[in-house]
Amino acid sequence: MPENVAQSALPIASNRETGVCWSCGSMRAAHYCQSCGKVQPASPVDYFSFFELPRKLNLDVTALERDFYALSRKLHPDLYAQSNEAEQRQWSLEKSSQLNDAYRTLKDPIARTEYLLRLQGVNLDEQSTQATEAARTSGKTKKQVVPPDMLEEVFELNMQIEELRMNQKMGEQDPDLIEQLGDHKKSMQEKLKAVDQELRAGWTAWDAVVDSGSETTEAAKPAIQQLIDVLNRRSYIRNLVRHVNEALES
């Protein structure tokens, strides 16, 4: 999905004072000392803070990548492989792990959105797992809520998939049915593109909340719910596309 470029990553070697270097006593940057170059102790921070970014969803991924490689060159464990200071080697490993996790998450638009929601106390993966466990315990099929505007299309699609499977069991082929399923697949893929547009609108709504300093207040709830709804809708449509692919490939 194309990125919205709105928030640039801050320079890695910024002048923002975050503490005193343990080695030379100079004021240092967050990850390594600007004076002596020594890596600094790792501390638990969220991924946005690691890159000195506000918790916004529109960001400049090109700048993020540039900062990632700049930090990699300063924090890579190989730089400290021959060091006599065990703490330096350990801090480098910890910082590099934080760097890789933060970059991998923030560069991906969906992972970034899900991570922001986790910071706000919403874990979509956990909710899905709980629903799966509840279905397994009760012996019932896990239910997914069909978006209201897709009810008719989803019903028709499921009927066609079942018909195709029955034909396959009987060794029969129906070219018209296969063509109809292909059309449904194209329709779902177009819906995914539209949902990605909705997601970008959700990012903008959330970023406005951050700009107003309201991310921890009731005013943030509508923006959070908008993101949740879009991600759930996106997940549902992706599952439909997967089911159509499985039916066609089998």
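This is a predicted model: local features need pLDDT of at least 70, side-chain atom pairs count only at pLDDT 80 or more; totals for chains, interfaces and linings use all residues.
**View 1. Ser96, a buried serine in helix α3.** Let's start with a single residue. Ser96 sits in helix α3, which covers residues 86–107. Is Ser96 buried or exposed? Its relative accessible area is 11%, and buried means under 20%, so Ser96 counts as buried. Look next at what surrounds Ser96: leaving aside residues up to four places away in sequence, Ser96 touches Leu75, His76 and Pro77.

**View 2. Helix α4 and its two ends.** Helix α4 runs over residues 109–119. Which residues of α4 are buried? They are Pro109, Ile110, Arg112, Thr113, Tyr115, Leu116 and Leu117. As you follow these numbers along the helix, keep a general point in mind. An α-helix has 3.6 residues a turn, so residues three or four places apart point the same way. Now turn to the ends. At the start of α4, a side-chain oxygen of Asp108 comes to within 3.1 Å of the backbone nitrogen of Ile110. Just after α4, you will find Gly121, which takes a positive phi of about 90°.

View 3. With a relative accessible area of 6%, Gln160 is buried. Take His184 as an example: Gln160 and His184 are 24 residues apart in sequence, and their C-alpha atoms are 9.9 Å apart in space.

**View 4. Helices α6 and α7 where they cross.** Helix α7 spans residues 175–211. The axes of α6 and α7 come within 10 Å and cross at roughly 140°, and the two helices are therefore oblique to each other. Their crossing is left-handed. On the α6 side, the contact is made by Glu153, Glu156, Leu157, Gln160, Ile161, Glu163, Leu164 and Asn167. On the α7 side, Leu177, Ile178, Gln180, Leu181, His184, Ser187, Met188 and Lys191 take part. How many residues of each class make up this contact? There are 7 nonpolar, 5 polar and 4 charged residues.

Key: Residues are numbered from 1 along each chain as its sequence is written. Side-chain values use heavy atoms; hydrogens and water are left out. Helices (H or I, at least four residues) and strands (E, at least two) are DSSP runs, numbered from the N terminus. Buried means under 20% relative accessible area, exposed over 50%, partly exposed in between (1.4 Å probe, protein chains only). Contact means heavy atoms within 4.5 Å. Axes are lines fitted to C-alpha atoms, for helices over the stretch in contact, and angles run from 0 to 180 degrees between N-to-C directions. Angles under 35 degrees count as roughly parallel, over 145 as roughly antiparallel, 65 to 115 as roughly perpendicular and the rest as oblique. A crossing is left-handed if the near helix is turned anticlockwise from the far one by less than a right angle, and right-handed if clockwise. Ala, Val, Leu, Ile, Met, Phe, Trp, Tyr, Cys and Pro count as nonpolar, Asp, Glu, Lys and Arg as charged, and the others, Gly among them, as polar. A polar contact is a pair of N or O atoms within 3.5 Å; within protein, one must be able to donate a hydrogen and the other to accept it, and residues adjacent in sequence count only if both atoms are side-chain atoms.
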